[in-house]
Amino acid sequence: MQKPIRRIAICTGGGDAPGLNAVIRATVTAAANRGWECMGIRDGFSGILQPERYPQGGVHLLTRDRVRGISHLGGTIIGTTNKGNPFHYPVPQSDGSVLDTDRSGEILAYFEREGIDALVSVGGDGSLTIANELHRKGLRVVGVPKTIDNDLDKTYTTFGFDTAVSFATECLDRLHSTAESHQRIMVVEVMGRYAGWIALHAGIAGGAHAILIPEIAYDLDKVVAKIAEREKEGRAYTLVVVAEGAVPKEGARALVAPSEIGHAERLGGVGEQVGHALAERTGKDTRVVVLGHLLRGGSPTAFDRLAALRFGTAAVRALDEGLSGVMVALAFPNVNYVTLEEVAGRMKAVPLDSDTLQTGRDLGVCFGD
Ligand code: F6P
């Protein structure tokens, strides 16, 4: 028989995404309505593992008042980090090296000591893999799927994705007119490490002429041919959307920094590479726009806000029903639960037979293949 829940904690990990605050508000409110307290852990698990960084305390009680009126706000009121995996915690040594340390036991000990009965972990693949490991070690955990990249498996969508796609689409709408006025090639780099969901959805909705995604190794000859075809038809401008993780047929992913202990590799620069090569090969005036972190900021769309509120309340319902080791998922149009085991370490790439990809092909979009 499981101990009844009196107090839970919530943490947000990985890159932020519009809708995090709505999840926090939903979780805290649904918990309070059951007479439970909800604690907010600062910056992933840093509030527990690095208490010295927080003179006011690394873990706080989140009251209803604290979360009132925050659903529409971007970011996360409890902070986040994409460094500091408790199972692979980087501990600097006196000789300058860094030791890969497992500090997960400290998390469990903290929960025990503070009488926290369960964790709601809001994050992407990295955070949910950590959540699954904590569950395996005996913690009661429910995950909530977050990432603007939409690359989490077993959920129709993650919250944050719709906001990122909507913003990128608006940017493309704006870039059409300036590209056409100047008869330029405009290359727009968007986030999307290993999956091209943002590039694909925004590119098609925003009328891009070429879309390069990590799932399809691109051949620039094909993009050059598309530009030439447009020129012949009297359309002297071209919009190219490229996901940061897009890979040339012969070449490698554009890296800013390699992975380190507890921290994934940093991507970036493919937009410049593609822009430079297209300018050289076509002789056309070319400009590159990197949307980057703009896609992660701002107010969540109504879709993301609602998804986040549904996810947060469903996470509390899951705990109330005695579930653990599950992630709340959108099985459109309903919310359901899948095991963290099914999600951890898996990535949802754009399927090559996807209807959206096919839509692009039928509309004449070049995918670099
Ligand atoms: O949230 C995922 C993501 O947006 C990736 O697309 C991107 O590579 C990464 O975050 C960048 O994160 P940061 O610059 O915060 O390390």
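What follows is a short tour of selected features.

This is a predicted model: local features need pLDDT of at least 70, side-chain atom pairs count only at pLDDT 80 or more, and totals for chains, interfaces and linings use all residues. Residues are numbered from 1 along each chain as its sequence is written, and side-chain values use heavy atoms, with hydrogens and water left out.

Start with helix α9, residues 302-320. Helices (H or I, at least four residues) and strands (E, at least two) are DSSP runs, numbered from the N terminus. Helix α9 has 19 residues and reaches 27 Å from first to last C-alpha, close to the 27 Å expected. That expected span is 1.5 Å times one less than the number of residues. Its buried residues include Ala307, Ala308, Phe311, Ala315 and Leu319. Buried means under 20% relative accessible area, exposed over 50%, and partly exposed in between (1.4 Å probe, protein chains only). An α-helix has 3.6 residues a turn, so residues three or four places apart point the same way. Just after α9, Gly322 takes a positive phi of about 85°.

Next, the surface. Tyr156, Phe303 and Phe332 form a nonpolar patch with about 340 Å² of accessible area together. Such patches are made of residues with over 30% relative accessible area and no salt bridge, with nonpolar side chains (Val, Leu, Ile, Met, Phe, Trp, Tyr) joined within 5 Å and like charges within 9 Å. Areas come from the Shrake-Rupley method with a 1.4 Å probe; for residues, only the protein chains shown count as cover. Phe332 sits in the loop between β14 (326-331) and β15 (334-339). Phe332 is exposed, at 52% relative accessible area.

Now the backbone. Most residues other than glycine have a negative phi, and most peptide bonds are trans. Phe332 and Pro333 are joined by a cis peptide bond, with omega about 5°. Asp43 has a positive phi of about 45° although it is not a glycine. Asp43 lies in the loop between β2 (37-41) and α2 (46-49) and is buried at 9% relative accessibility. Gln183 also has a positive phi, near 50°. Gln183 is found in the loop between α5 and β8 (185-190) and is partly exposed at 45%.

Where do the charges pair? The whole structure holds 20 salt bridges. A salt bridge is a side-chain nitrogen of Lys or Arg within 4 Å of a carboxyl oxygen of Asp or Glu. Glu37 and Arg7 form one, with the closest N and O atoms 2.9 Å apart. This pair links strand β2 to strand β1 (residues 7-12), 30 residues apart.

Arg346 and Asp153 meet in another salt bridge (2.8 Å, N to O). They are 193 residues apart, with Arg346 in the loop between α10 (340-343) and α11 (355-362) and Asp153 in the loop between β7 and α5. Arg346 is partly exposed at 38%, whereas Asp153 is buried at 15%. Leaving aside neighbours within four places in sequence, Asp153 is in contact (heavy atoms within 4.5 Å) with Met327, Val343, Arg346 and Lys348.

Arg184 forms a salt bridge with Asp285, the closest N and O atoms being 3.1 Å apart. Arg184 lies in the loop between α5 and β8 and Asp285 in the loop between α8 (270-282) and β13 (286-290), so the pair ties together parts 101 residues apart in sequence. Arg184 is buried at 13%. Finally, Asp43 returns: Arg42, Asp43 and Arg53 are linked in a network of salt bridges.
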